[in-house]
Amino acid sequence: MVEDTPNNQENQKRSYHYTRDNQLKIKARQKVREAEKKAKQAKIKADKAKEKVKRLTKTITNSVVTEKDLNEAPKDIQRFMGERPIVFQPNKGPQTDFLASPEEDVLYGGAAGGGKSYALLADLLRYADSSNHRALLLRRTIAELTELIDKSRQFYPQAFPGAVFKESKSMWVFPSGATALFSYLDKDSDVTRYQGQSFSWIGIDEITHYPTSYVWEYLRSRLRTTDKGIVPYMRCTANPGGIGGWWVKKMYIDPSPPNTKFVATDIDTKRELRYPDNHAKAGQALFHRKFIPARLTDNPFLMRSGEYEAMLMSLPETERKRLLEGDWDVAEGAAFPEFQRSVHVVDPIEIPRSWNRIRAADYGYSSPSCVLWGAIDWDGVIWIYRELYVTKHTSDALANVIIELEKDDPKLMMSVLDSSCWNKTGLGPSIAETMIQRGVRWIQADRARIAGKIAIHRRLQLDPVTNEPRLKIFKTCTNLVRTLPTIPLSKVNSEDVDTKAEDHAYDALRYMVMTRNIAARDFIQDARLAREKEEKYNKIYDTTFGY
Ligand SMILES: Nc1ncnc2c1ncn2[C@@H]1O[C@H](COP(=O)(O)OP(=O)(O)OP(=O)(O)O)[C@@H](O)[C@H]1O
Ligand SMILES: [Mg+2]
């Protein structure tokens, strides 16, 4: 017999013959392989079991338990959990959907009393078991914030025994180390308070109290976490209407039907926000939004007695539609709905030196000062070509910046400033006088609010002959471009804008257009008024400063 060689006899199946030693070795190798396979399977089983134990332990020890976790747990654990006191359980329907939403940015809005604020307080706790959870919950005023803090005191300490509210910082600190800052933010400029900070959850209760989307958009830049176990979320609630109802509607309600996830859009251009072509994720959505409508009928806690519903039913129609039916279509609009970025905002051009130029300003120290420069072309169209938008500038400092910006400009035809800048607070010169002394000359602006608003409307209208507006704004004037389309109507006087809104650029623009009332063919009826205005200004600027 030949060792380990094939038997090549004709018509015989090929076969091998091994020595006994070799046969034993082969068998031993097979046994090792089988044992290794079994060990591998056992390890997979053990890992799965460990994972399950981990999940069950989490279900037992965590303060926030989802329905899914509970359903997956064995019966005895479900029974054990059932015996623990439930501190918060969402109402069926929208409140549950809101708390289970996976989209990055969700609005829970609609009828009053639907349980929106309560849901927001509960949603904040989503990751309160994680040490890196950093939440920021905002309201516009301190009084409204106090109401939220009081509500949070009702169930946070029970849900997370050991959680403490640090009054001095207005912050909840949870046993895990997670924190939740309860803060109020009134003016747009206050957002800088959060500069350099990061949050993994940001919420605003009653977001329509903000006249523009500025605060919300800014806070988006503060939303981040390095903890892979935490998904960052933006959450807000609102009743329809309010001074910010129009932009909230554009952001959450108009793009998609309710309860449907959609790609976030730019509220001005309506363009979907996606990664650019040159990006590795080209074409993918930057993030998603969703709108969940709230109904009073979904909140058994307020529906029970029926009194609250009866009260809402007794409201005047518009308010009733908003607060009882959660109707967004009756929300107030912007004061200048005719403003169109594609029509009124233009790329900068070289302004001919022969065009007359006007400077107009609204002064503020804590709130922004806005200075606008306009040039008038041969058709009488005002081109706003420069903007200065600064805070914390004394009149001296502002004058210095203006001098620097104008160093290569031709002579101005006129410059107007809010007349209150001539008010004196002490013995020294007024704000206007200080600037005039430094060489930045002004005359008092026409402060007629309603006439000023109408003058802007006229300028925004398209000329029936040229199909062009009579006001064009360089896209570099970012604050005017940002705030003019968003400024809301006043709640108390529908002829005027809301003076609580960010109106500094609007005021400066109003002063500017009031110096140049239109006497165009289609405004013959106003020609007399315009002439009177021209005469008035001719008189003032000729005699005072000799412009
Ligand atoms: N899941 C819940 N569990 C217990 N109580 C709840 C729950 N949801 C709402 N409530 C009760 O209903 C009340 C009204 O809810 P909430 O204040 O959240 O309504 P809202 O929609 O914010 O109202 P508004 O539109 O007036 O701001 C709460 O104060 C709370 O007492
Ligand atoms: Mg509320």
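In helix 5, S117, Y118 and L121 meet L148, K151 and S152 of helix 6. Here two residues are in contact if their C-beta atoms, placed from the backbone, lie within 7 Å. Helices (H or I, at least four residues) and strands (E, at least two) are DSSP runs, numbered from the N terminus. Sorted by class, the contact of helix 5 with helix 6 holds three nonpolar, two polar and one charged residues. In this scheme Ala, Val, Leu, Ile, Met, Phe, Trp, Tyr, Cys and Pro count as nonpolar, Asp, Glu, Lys and Arg as charged, and the others, Gly among them, as polar.

This is a predicted model, in which local features need pLDDT of at least 70, side-chain atom pairs count only at pLDDT 80 or more, and totals for chains, interfaces and linings use all residues. Residues are numbered from 1 along each chain as its sequence is written, while chains are lettered from A and ligands numbered from 1 in the order in which they are written.

Two packed helices are described by the angle between their axes and the distance between the axes. For helix 5 and helix 6 (residues 142-159) the angle is about 60° and the axes are 10 Å apart. Axes are lines fitted to C-alpha atoms, for helices over the stretch in contact, and angles run from 0 to 180 degrees between N-to-C directions. The crossing of helix 5 past helix 6 is right-handed; a crossing is left-handed if the near helix is turned anticlockwise from the far one by less than a right angle, and right-handed if clockwise.

What does helix 5 give to the shell around ligand 1? With three residues, helix 5 gives the most. Helix 5 (116-123) and helix 9 (300-303) each supply at least two residues of this shell. Of the 17 residues around the ligand, A112, G115, K116, S117 and Y118 come nearest, where a residue is near a molecule or strand if its C-beta atom, placed from the backbone, lies within 6 Å of it. By class, the shell divides into seven nonpolar, nine polar and one charged residues.

The protein as a whole has 18 helices and 16 strands. Of its 547 residues, 35% count as buried. A residue is buried if 20 or more other C-beta atoms lie within 10 Å of its own, exposed if 12 or fewer, and partly exposed in between, with C-beta atoms placed from the backbone. Among contacts with a separation of 6 or more, residues 24 or more positions apart account for 68%.

Strand 5 (residues 179-184) has bridges to two strands listed here. Six bridges join it in parallel to strand 2 (residues 134-139), and L137 stands opposite F182. Two strands pair if DSSP finds at least two bridges between them. Strand 4 (residues 171-173) runs antiparallel to strand 5, with three bridges, and W172 has A180 as its bridge partner. Strands 4 and 5 form a hairpin with five residues between them, and G177 in the turn has a positive phi of about 105°.

Strand 11 is joined to strand 12 by seven bridges and runs antiparallel to it. N356 stands opposite I376, and R359 stands opposite W373. A hairpin of six residues connects strand 11 to strand 12. Strand 11 is also joined to strand 14, in parallel, by four bridges, with A361 opposite L417. Six of the seven residues of strand 11 are buried, so this strand is largely enclosed by the rest of the structure.

Helix 17 packs against part of this sheet. Its buried residues meet strand 11 (356-362), strand 12 (369-376), strand 13 (382-390), strand 14 (414-417), helix 15 (449-460) and helix 16 (478-483). Why is helix 17 described as largely enclosed? The reason is that 11 of the 11 residues of helix 17 (residues 504-514) are buried. One of them is A505, which counts as buried because it has 26 C-beta neighbours inside 10 Å. A505 touches C370, Y389, N479, L480, T483 and L484, not counting residues up to four places away in sequence. The C-alpha atoms of A505 and L388 are separated by 9.3 Å, although the two residues are 117 residues apart along the chain.
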